[in-house]
Amino acid sequence: MWRSVDLRELWNYRELLYFLVWRDVKVRYKQTLLGVTWAVIQPLFAMLIFAFFFGRIAKLPSDGMPYPLFAYAGLLPWTLFSNAITSGSNSMIASSNLITKVYFPRLLVPIAAVSTSLIDFAFALLMFVPLSLNSHFRPSVNAVIAIPLSTLLVFLTALGLSIWLSALVVRFRDLRHVIPFVIQIWMFATPIVYPLSMVPAKWLPWVKLNPMASLVETFRGGLSGRAVDVTEVAAAAGLAIVAIVSGSIYFRRLERMFADVI
Amino acid sequence: MTDIAVHVESVSKLYRIGAKIDSRSLRETVTDLVRLRRRASEDGERDLWALNDVSFQVRHGEAVGIIGQNGAGKSTLLKILSRITEPTKGRVVVSGRVSSLLEVGTGFHGELSGRENIQLNGAILGMTRAEIRQRFDAIVAFAEVDRFIDTPVKYYSSGMYMRLAFAVAAHLEPEILIVDEVLAVGDAAFQAKCLRKMGEVAAHGRTVLFVSHNMPAVRALCERAVVLSGGRVVDEGTSAAVVTRYLQRVTSPAGRDDLARQIAGLKPDPSFRLLSVRLLQMGNDVATISNGEPLQIRIDFEVLSPTMGLHVYFQLLDLEDTVIIESIHNGDTGEMLVLSAGLHEATATIPANFLAPRPYQLRVLAGVANVRSCVGEGVRLTFDVEQTGIVNSSYPGYETPARLAPHLDWIVTVPS
């Protein structure tokens, strides 16, 4: 079954993947007034709003970090995740003109869409440096391992889900309207505006079922000095791989009809 | 290895018309699950076999033309050959690297510059980065856009855009090239350039599958041709023989039905009734006209009551609705002759070596001079003319931009 995904063919088309990402990035930053700044504005504004409502007014705890930084550090992996899923799930429909005219492994489409989100993430991550300098916050050395590791896993989780969703959306168009809504709820179910330490103990097992909860905690914990929890990370990695493998199999099964119905 | 490049084996393709069986909304699926049924053969849905048991082979280095009327299944076949969609039954075995051109400029993005689009489009069509780099200058030179290479293509004229798009496609070097009617776009000079390039590709021993309505092009470029009709292969052989047989076939039933429907739909007139319009060459009904032979336009009608000024006439138009010729049945007789009551057969002859090899529309009308039209807007039919006459025969492959191509006498003398 897995052989049907044809990894070698995917590898042969790696240059097209590069060009698809390159195109999306170029087109996105051309003809926009603020260009790359958009990548930073989105999490920055969310941070300001959260800092005001949850930090100032609700006075949520923030694990020893300044609250705005705490929120921003949680928003970084989350924005990567939600942007990746949003563009990934719509990617097949958005590329219908290519899909009906040229052959290439269709899996490249969601892979490219999700990869493009990494670029925005990189700019937003850079923004963390002036923000932490501004509030005299010194990130822990743990970040050197925790950030790349959790970013990779967020990417893989988003990829697995996007592969599933991009194929499902071709089949069931109205899913497109459901996805943003689910992402919104998912965000509040993930410890972003609040720390995981604030979650009552009896709910913890449920919260930990959400792979994004442990990934956001790993990402942010790396900055604040928490050690990487190996079992948490391994579980998230396992889930990501299951999503990618099962998604690819489902995607390939639907692939034969994409050009006819898209 | 065999010498077969493309092996099409009993390929059939089913489309469901009227029901979106595979992109249903979530709600429909959920309700179906609840009721434990599948939505099939209801809601006016019907099956359409776009291809039905199609088999043929193409050898390495061979150029094969695929011809057929609209709806014959050519596009579906191309999509299957280029792996865009899969056959419902049967299989296709292709040995060699395939590039398919179902349109030029696939994936072009208006915001990107010419340079960027060359890279992107090249990658989409299957070129490696190294190949794109290596052919970049040749592509730019072919497209004649070097001054604008860093301008976003949305500022290009449509001509420049097409040239650039074709230039990338023309520099593909696959083992097997599958081409749809990309040549149908652009002006005549551009089409001629594309045709020349296609000829080069075929001459370099590469395998070419070429789908076209352009019969002279098929005959010039391809050794063999396959005719599709109603999703089946109905004729196959050397392209010269196949094209000739194809052109001799009578007007398609669909075309005839359409004309008959137009005639039946005319408002009744007290003095005139149109019965039929036919295109005849050498006594046979034809769908495609050879411009080396005279063309008879035969109009059968009935006069219900003799009326002063009643006349039958036709117009020949191009596809943009420009009237090129207009001729009235009694227009040149010096006086209006009154038609007697009863059936009449009127025949107008367009001489050989007069029409250009291009599609035309024929519009047949009738009226009472200065009073009314007897057939409203008239009836129309479209036909294609293929080059068989002597006009421009010294320059095969040249496509004249002219709407008519009459043979004229030239006398060239050397002054003494």
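**A friendly look at two sheets in chain B**

1. Let's start with one pair of residues. B:Ile297 stands opposite B:Ala348, which sits in β16(B). Keep in mind as you look that this is a predicted model.

2. Now widen the view to the strands around that pair.

3. Which strands make up the open sheet here? There are 4 of them in chain B, in the order β11-β10-β13-β16. The pairing in this sheet is antiparallel. At its edges you will find β11 (284-285) and β16 (342-350) of chain B, each pairing on one side only.

4. Chain B also has an open sheet of 6 strands, and the order to trace is β5-β6-β7-β3-β8-β9. Its pairing is mixed. The edge strands are β5 (98-101) and β9 (232-238) of chain B, and each of these pairs on one side only. From one strand to the next, the twist averages 15 degrees.

5. Do β6 and β7 of chain B run parallel or antiparallel? They run parallel, with 4 bridges joining β6 (residues 176-179) to β7 (residues 207-211). To find one residue pair on screen, pick B:Val179: the bridge partner of B:Val179 in β7(B) is B:Phe210.

6. Helix α2 of chain B, residues 74-81, lies across β3 (63-67), β5, β6, β7 and β8 (224-229) of chain B. Compare the direction of helix α2 with that of β7(B): the helix runs at about 150 degrees to the strand.

Conventions
Residues are numbered from 1 along each chain as its sequence is written. Chains are lettered from A and ligands numbered from 1 in the order in which they are written. This is a predicted model: local features need pLDDT of at least 70, side-chain atom pairs count only at pLDDT 80 or more; totals for chains, interfaces and linings use all residues. Two strands pair if DSSP finds at least two bridges between them. Axes are lines fitted to C-alpha atoms, for helices over the stretch in contact, and angles run from 0 to 180 degrees between N-to-C directions. Two residues are in contact if their C-beta atoms, placed from the backbone, lie within 7 Å.
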